[in-house]
Amino acid sequence: MSVDSLPTLFQWARDNLLKEEALAISALEELPIHLFPEMFKVAFTDRHTKVLIAMVSAWPFPCLPVGTLIEDPHLETLKAVLDGLNVLVTGKVHSSRCKLRVLDLRRNVHHDFWSIQTGSHEDNCPAQIVAQKQPVETCPNPRREIPFMVVTDFELTQESFDEWTIYLMQWIQERKSSIHLCCRKLNSCASPVSNVIEIFKLVDLNCILELQLSQWWPEVLEELDPYLEGMNNLHTLMLEGLKPFRFTACEEDQEDEWQSTLPSLLSNFGSLQNLYLNDIYLLEDSLDKWLGCLKTPLKTLSITDCPRLLQSDFECLPNCPNICKLKHLNLNALFLSDVGYEIPGLILEKVTSTLQILELERCGMTDPHFKALMPALSKCSQLLKVSFCHNDISLRVLKTLLCHTAKLSQLTQELYPAPQECYEDYKILKDRFKKLCPELLNILKAKRQPKKVSFTTQTCLKCLHSCHYYYNLEATDCLCQCICQ
């Protein structure tokens, strides 16, 4: 065994201490503060429930971001953590060093706090450095005055709640006067509306910042309206797969009513900044109503996979006052080939001073669309990413497009379609593609040093694969998955 692989003195003492839970618990009052995180991580991972209860009730920092330690949810471990918090709530035991006020159960939030590594030189990681890495968690609803807060996100993707969620909800319900449940994100995909409403009744609606509703029916969505009205701090709304349950004659008569009432849901959100509409059946000929209900300028507008949009829907976009401050515009998989070729350029003209991300993939764009787009594109000096993949463009127009984007010095990621000259009878000319890509890349290099660039062919209809040419500062790679000759 090498010297580097030998455990440190602290690791050896920690592991032996945890084998004797009673001794470990009694030692917590004397344990140096900067050793708490590493000790807790091991106790949590190895499921030392009695030690966890004691450590939570003696936690010497304002926040315990335990969610980032959860890989495989374990009910008994959750119970131990909540039991430790309950000790503080009930005041059964008082530790003079305990400062815990926030228990963070979110799993997808990165905290540097747990990256602290305790080595053999413990003095190099004093308590003040550990404290500086503490996440600062404030509630979106500043009027809350309940002393303890549990922060979590809910992801509802099943017919019923899992045992972990059930226990947490029951535990919170029994302590609502002492524990504030702060839900920042809620994602519901095809789950029963009753489950969502049960969550809404338990949490403070003003705390919800992001809401995603997927695979829902319009008639069900209307049941949430009384709760949506209370989400005063919501800044991100994602609606996906919104379609009527079945198309009977009666429901077809209701389509006009839904197209009038559903957009009004947006008027509930006075702080909305990011709007995602994906595969919304009822968006046809009513996009102006949806955008007209917005109360604030958007930072993100994503309208994707909505094939039924009409010319009138696209024409309303340049005239919408609430897109003038967009930083991210995504119109992937909209059939721009069916509308006037000048539309993309008119939309872009409204956001030239703020736009950072532009996504126009699989839009059926052709040479006239790109030509009309270029004057406005050249003015977008803040652009960080552009994506035009899977559109139909000639080599001549693609070269002109690259001459325009070559002047955009802030770009860090660029995705372009392979030109028409890389195909013959719907087959990919792989040798032609490999030869052209370096030439196209040199157009950018003549003006600036590109960061990440890719050229991608359409999918081969015979083998269902495509070809990709990747470039970054470290390497260049051409990957041809198409196997056709």
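This is a predicted model: local features need pLDDT of at least 70, side-chain atom pairs count only at pLDDT 80 or more; totals for chains, interfaces and linings use all residues.
Residues are numbered from 1 along each chain as its sequence is written, and side-chain values use heavy atoms, with hydrogens and water left out.

S188 is part of strand β4 (helices, H or I with at least four residues, and strands, E with at least two, are DSSP runs numbered from the N terminus). With a relative accessible area of 0%, S188 is buried (under 20% relative accessible area, with exposed over 50% and partly exposed in between; 1.4 Å probe, protein chains only). Setting aside neighbours within four places in sequence, S188 is in contact with L156, V196, Q212, L213, S214 and W216 (contact means heavy atoms within 4.5 Å).

## The largest pocket

The largest pocket holds about 570 Å³ of space. On a 1 Å grid over the protein atoms alone, a pocket is an open set of points where a 1.4 Å probe fits, with protein on both sides within 12 Å along at least five of seven lines; lining residues have an atom within 4 Å of a point. Grid points are joined across faces, edges and corners, and the volume is the space filled by probe spheres set on them.

Its lining counts 26 residues, and R107, D153, F154, E155 and L156 are the ones nearest the centre. By class, the lining has nine nonpolar, ten polar and seven charged residues (Ala, Val, Leu, Ile, Met, Phe, Trp, Tyr, Cys and Pro are nonpolar, Asp, Glu, Lys and Arg charged, and the others, Gly among them, polar).

Helix α17 has 16 residues (430–445) and should span 22 Å at 1.5 Å a residue, which agrees with the 23 Å between its end C-alpha atoms (the expected span is 1.5 Å times one less than the number of residues). Its buried residues include F433, L436, C437, L440 and L441. Among the elements covering the buried residues of α17 are α16 (395–405), β12 (413–417), β15 (452–456), β16 (467–472) and β17 (476–480).

Y471 lies in β16 and counts as buried at 9% relative accessibility. Its side chain makes a 2.6 Å polar contact with that of Q449. Leaving out residues up to four places away in sequence, Y471 touches L441, K445, Q449, P450, K451, K452, V453 and T476. The C-alpha atoms of Y471 and K451 are 7.8 Å apart, though 20 residues separate the pair along the chain.

## N391 and the whole chain

N391 is in the loop between β11 (385–387) and α16, and is buried at 2% relative accessible area. A polar atom of its side chain lies 2.9 Å from the backbone oxygen of F388.

Overall, the protein chain has 17 helices and 17 strands, and buried residues make up 51% of its 485 residues.

Technical notes:
A polar contact is a pair of N or O atoms within 3.5 Å; within protein, one must be able to donate a hydrogen and the other to accept it, and residues adjacent in sequence count only if both atoms are side-chain atoms.
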